[in-house]
Amino acid sequence: MRKIILLASALLAMFSVSINASASELDQQAEPSVVEEKMAYVYIGDSRTVGLNNVCHMSEEEDTFVIAAVGKGYKWWSKDGLNTLLTIEAEHPEYTAYTYIFNLGVNDTKNADKYEEVITYLQGKGTTYVVSVNPVVDSKSSYVKNSRIESLNNTYIQVADNYIDTYSYLVENGFSAPDGIHYSKETYKTIYALIQNYILQES
C-alpha cells in the first residue's frame, strides 16, 4: 500500500513540474521579442557640407555618414547622391533606422519643386531634418543672392517635418564667409552646434 501511495505522489509531482514547465514556455512565447533600435545619421549636402565635415568631422563619428560634393545640386543628388545613400543602406543592415540631415540648395535655388520631392522622399524613409540654406554675402556672391535663398527656404519650411533655421540665426548674429559663400571654421562650428542642439531637443 505504501508503494502505491509513493508512486502516486511521484506521478503528481511529475505532473506538477510538467504543468509549470509548460506554463513557463507559454509565458516566454507570449513575451514579444524586443529589437533594439540602431540609428544611423546621414548628412546630405554640397560644398558647404563638405566644409562642415572638414571642420567638425561628422564622418568620423560612429554611425554617421556624409554624402556631399562640391558645386552640386539636384542633378547630382538624383543620380550619384541617391545611389550612394541606397548603397550605404544596403551595405549596413545592422541599422534599423536612419536620420537624414538635408542641406542642399545653394547651387540651384531654382529647383525648389525638385527639392520638395527629395525632402518628401526622405521623410517617407526616416526622420529628416531640413537645414535652411544659409546666407551668402550678397556683395561677394555673383550667382546666388539671399533673396533667392529666402525663397527656397520658404519652400523648405512648408514641406519639412523638422526645419532647422540656421539662416535666421546667422543673419541676426553675424557670420564669416571669406569668399561670400563658404564659411570660416568658427561659423561652421556654430552651424554644427545649432544642428546638434535641435536634434537633441527633438530626440
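Modeller: Phenylalanine 102, once its neighbours within four places in sequence are set aside, is in contact (heavy atoms within 4.5 Å) with Ile44, Tyr115, Val118, Ile119, Leu122, Tyr129, Val130, Val131 and Tyr156. The model is a predicted one, in which local features need pLDDT of at least 70 and side-chain atom pairs count only at pLDDT 80 or more, while totals for chains, interfaces and linings use all residues. Residues are numbered from 1 along each chain as its sequence is written, and side-chain values use heavy atoms, with hydrogens and water left out.

A nonpolar core is a set of buried Ala, Val, Leu, Ile, Met, Phe, Trp, Tyr and Cys residues joined through side-chain atoms within 4.5 Å, where buried means under 20% relative accessible area, with a 1.4 Å probe and protein chains only. The largest such core has 33 residues, and among them Val42, Ile44, Trp77, Phe102, Leu122 and Tyr156 touch the most other members. At least two residues of this core come from each of strand S1 (39-45), strand S2 (64-68), helix H3 (74-91), strand S3 (97-103), helix H4 (112-125) and helix H5 (146-159); helices (H or I, at least four residues) and strands (E, at least two) are DSSP runs, numbered from the N terminus. H4 gives the most to this core, namely five residues. A second core, separate and made up of 17 residues, includes Val55, Leu170, Ala177 and Ile195.

For the chain as a whole, 42% of the 203 residues count as buried, and the secondary structure comes to seven helices and five strands.

Definitions and conventions. Buried means under 20% relative accessible area, exposed over 50%, partly exposed in between (1.4 Å probe, protein chains only).
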